[in-house]
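Please view the sequence and the structure below before reading on.

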Amino acid sequence: MRSLTALWLSFTLAWSLTAPALFAASPTRVRVSYSSISGNTLPLWIALDQGLFRKYGLDVEPVYIAGEPMLTQSLISGDIAAAQQGAVGAIRGNMGGLDVTIFLGLINTFNYSLVTRTDINQVEDFKGRKMGVGGSFGGPPAFATRWVLRKFGLQPDRDVAMLIIRGGGQPERLAALQAGTIDGILLSAPATLMAKRAGLRILVDLASLQAEYPQTVFTTTRRFLQRQPAAAEALVRGLVEGIAIAKTRKEVAIQTIAKWLKTKDREAVEEVYREVVEKGLSQKPYPTIAGIQLLLNEISSQDPRFSKARPEDFIDTTLLRAIDASGFIDALYR
């Protein structure tokens with residue numbers, strides 16, 4: 001028997017297809033957070049700038065929240081309806097008994113590059129060296145750093161010292177590398193271009209390793225999905241249309257990146273576009289089972305509780321599957 005939630009989602013989906021004018025008449029206001037000012041946030045920015053959420057009956061207030069714990073707390077309290085973040089915090093929160101679920105997987109591969117000093121020629125050369133970690137030891141960059149070191153046979157903390165670079169974003173991390181405080185760090189575009197210009201080495205493009213990983217996801221609570229299905233549907237529609245515009249209208253995407261990153265450096269913006277849109281964004285943003293499993297495997301090396309967890313326990317794609325089945329996403333690319 002289908003669940004009441006699934007039946008209600010099906011009903012609201014069918015109703016919205018036949019009554020768009022009613023949706024537009026009284027937009028529902030929600031707050032949606034994002035945890036990084038980077039190209040990974042492009043679909044949300046496009047949806048906001050192009051009025052896509054309002055088209056589907058939603059008035060979205062964007063809120064920047066740095067730090068996974070604060071973001072998760074805001075979700076649980078109901079202060080925000082949904083959040084763009086890395087999957088690590090959501091999965092840890094879920095395992096801790098919190099009502100957090102992943103409902104979209106925008107980027108399902110690593111989009112970091114390992115940037116190093118020029119005297120490092122291969123990852124194995126990091127033995128006895130210092131690796132910088134942006135943010136905190138529990139965040140997505142730290143996870144990716146540990147994963148890539150193990151990928152090349154090095155044990156984090158034993159073979160390679162892990163140093164937190166605090167007090168800022170990628171420019172500060174790049175500065176720490178240039179100053180010799182660390183020997184390498186993971187960066188994403190456009191900081192990778194700045195590193196090239198500074199004469200540093202892009203040692204490994206993690207995307208080239210072809211590992212599935214939930215780099216950028218959207219999370220919410222099951223409470224929100226159940227109590228506000230029409231608003232949740234409008235949110236998904238706006239985001240998947242934002243992805244479609246990014247992929248099919250490059251100049252709109254370029255202008256949006258430049259605006260939100262506050263830069264006129266066309267080369268840097270093009271770098272972001274290549275790394276995020278061409279390499280990363282999923283046309284149909286399903287979180288992948290393999291990607292969640294990779295993350296669980298890594299976390300379980302530090303916390304055995306995660307070794308028996310199933311990827312399916314952390315995701316809810318009911319709404320996305322219903323919208324996809326209606327032909328809505330395919331129609332955006334015709």
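In which sense, left-handed or right-handed, does H12 cross H13? In this predicted model, H12 passes H13 in a right-handed crossing.

**Helices H12 and H13**
- The axes of H12 (residues 250–261) and H13 (residues 266–278) come within 10 Å and cross at roughly 115 degrees.
- Angles of 65 to 115 degrees count as roughly perpendicular, so H12 is roughly perpendicular to H13.
- On the H12 side, the contact is made by Lys250, Glu251, Ala253, Ile254, Ile257, Ala258 and Leu261.
- H13 contributes Arg266, Val269, Glu270, Val272 and Tyr273 to this contact.

**Strand S5 and its partners**
- In strand S5 (residues 113–116), Ser113 and Val115 point one way, Leu114 and Thr116 point the other way, and all are buried.
- S5 runs antiparallel to strand S8 (residues 184–187), joined by four bridges; threonine 116 has glycine 184 as its bridge partner there.
- S5 also runs antiparallel to strand S9 (residues 201–205), again through four bridges; here valine 115 is paired with isoleucine 202.

**Nonpolar cores**
- The largest nonpolar core has 50 residues, of which Phe53, Leu58, Leu104, Phe218, Leu235, Val236 and Leu281 touch the most other members.
- Helix H11 (residues 229–248) supplies the largest share of this core, 10 residues.
- A second, separate core of 46 residues includes Val63, Ala211, Leu295 and Ala309.
- Beyond residues up to four places away in sequence, leucine 58 touches Pro27, Thr28, Val30, Phe53, Ala231, Ala234 and Leu235.

Key: Residues numbered from 1 in each chain as written. Predicted model: local features only at pLDDT ≥ 70, side-chain atom pairs only at ≥ 80, totals over all residues. Heavy atoms only, no water. Core = buried A, V, L, I, M, F, W, Y, C linked by side-chain atoms within 4.5 Å. Buried < 20%, exposed > 50% of the residue type's maximum accessible area, 1.4 Å probe, protein only. Helix = DSSP H or I, 4+ residues; strand = E, 2+ residues; numbered from the N terminus. Contact = heavy atoms within 4.5 Å. Pairing = 2+ DSSP bridges. Axes fitted to C-alpha atoms, helices over the stretch in contact; angles between N-to-C directions. Parallel < 35°, antiparallel > 145°, perpendicular 65-115°, else oblique. Left-handed = near helix turned anticlockwise from the far one by under 90°.
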